[in-house]
Amino acid sequence: MNNLLLRYINLMVVTITILIIISFSLGYLFPGDTLTNISGIVPQSEEQRIALEAAFKLDRSIFVQFWYYLDNLVSGDWGVSFSSQVSLIDEISIAFPATLELITYALLISIFIGIPIGFIGGIWHHKPFDFGAVTFSVVSYSFPVFWLALIFITIFCLQLGYLPLSGRVNFLYDIPHNSGFILWDILVADSPNKKDAFADALRHLILPTASIALVTTAIFIRFTRRSIMDEMQKGYIDAAKSRGFTTKQIFFKHGLRNSLLPIIPLMALQISTLMTNAMVVETIFSWPGIGNWLIQAIYQRDYPAIRIGMLVVSIFVVTFTISIEFISRAFDPARDKFERGTV
């Protein structure tokens, strides 16, 4: 276990180091003035330029500049947005939790809907429920997320008027920023309209979350169905049947646990898909998350915001993926032996 942990820590450190090097290099690769790309400040005079170059170590060697950049990342001094002149760490601390909230709810919906449907479809394979589950997963997976979001807006917002079109909560409710998760912030807020604000925030969450979750749910259905079908055809299942155990007993005592083991790494694989889809959905629904924030930064050519935003998103995806992969290996040591044997 210790060797496995050290391997994954080493992999995470190396990967994050490469991401930091790429992020550092972007300041020199972006078009325009390197000083402005790094600092987010346009020098108004030659004296100010010299002072800024000295402050950001641009008059020193490239290794000193990288060490200064790394030190600023660790200390939280991420620079200033070129467009808003606001500290980047303050903007990201507001935008990133909004995205994290969206993908968390979407992942939970996919797990609690996709996995049970996949299990039932796998047990009753080639039955009417299984055919319906497969059809639903194929159709859901075939929808582009941006098109699905536009369909939801057209039906539920413009035609029926049941749900709001954009934002996280109505501007009438003054909800202070606490954790960044709007539902939690409403619950802990000292507001007389807490119940109405919570219901309004839920209504704002429905369409963006459903747009992201539908594709991921289809993946969980198909993968879980195949996992349970493969597991129930193995030899130890036939041996349990020969001993007189019922299908229900075999499934809950043996098949369920072993079928879940291959699904754990699937969660890690889906986080990048969820993050990518969230960036698209946030733009369509004007959701104030990191994806929408990055898109606006690209439109405005806010290079300091782009390189820090991409670094934060990349580190989050890498950290989450490697952590889930480690948990999967820890719970399923046989998988590691199998993969070593096939190399």
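**Salt bridges and a helix pair**

Colleague: What is the relative accessible area of R203?
Modeller: R203 is partly exposed, a class between buried (under 20% relative accessible area) and exposed (over 50%), computed with a 1.4 Å probe on protein chains only. The model is predicted, so local features need pLDDT of at least 70 and side-chain atom pairs count only at pLDDT 80 or more, while totals for chains, interfaces and linings use all residues. Residues are numbered from 1 along each chain as its sequence is written, and side-chain values use heavy atoms, with hydrogens and water left out. The relative accessible area of R203 is 34%.

Colleague: Which residue forms a salt bridge with R203?
Modeller: A salt bridge needs a side-chain nitrogen of Lys or Arg within 4 Å of a carboxyl oxygen of Asp or Glu. The closest N and O atoms of this pair are 3.8 Å apart, and both residues lie in helix α9, three residues apart, about one turn of the helix.

Colleague: How many salt bridges does the structure hold?
Modeller: One of them joins D130 to R225, with 2.5 Å between the closest N and O atoms. That pair links distant parts of the chain, D130 in helix α6 (residues 128-142) and R225 in helix α9, 95 residues apart. Both D130 and R225 are buried. The number of salt bridges is three.

Colleague: How many residues apart in sequence are the parts that E101 and R168 tie together?
Modeller: The side chains of E101 and R168 meet in a salt bridge at 2.6 Å, N to O. E101 lies in helix α5 (residues 88-123) and R168 in the loop between α7 (145-159) and α8 (182-188), so the parts tied together are separated in sequence by 67 residues.

Colleague: Are α9 and α12 roughly parallel or roughly antiparallel?
Modeller: Helix α9 (residues 194-231) and helix α12 (residues 264-285) pack with their axes 9 Å apart, at an angle of about 155 degrees. Angles under 35 degrees count as roughly parallel, over 145 as roughly antiparallel, 65 to 115 as roughly perpendicular and the rest as oblique. The two helices are therefore roughly antiparallel.

Colleague: How many charged residues are in the contact of α9 with α12?
Modeller: Contact means heavy atoms within 4.5 Å. The residues making it include L207, I212 and F223 of α9 and M267, Q270 and F285 of α12. Asp, Glu, Lys and Arg count as charged. The contact divides into twelve nonpolar residues, four polar, and charged, none: no charged residues.

How values were computed
Axes fitted to C-alpha atoms, helices over the stretch in contact; angles between N-to-C directions. Helix = DSSP H or I, 4+ residues; strand = E, 2+ residues; numbered from the N terminus.
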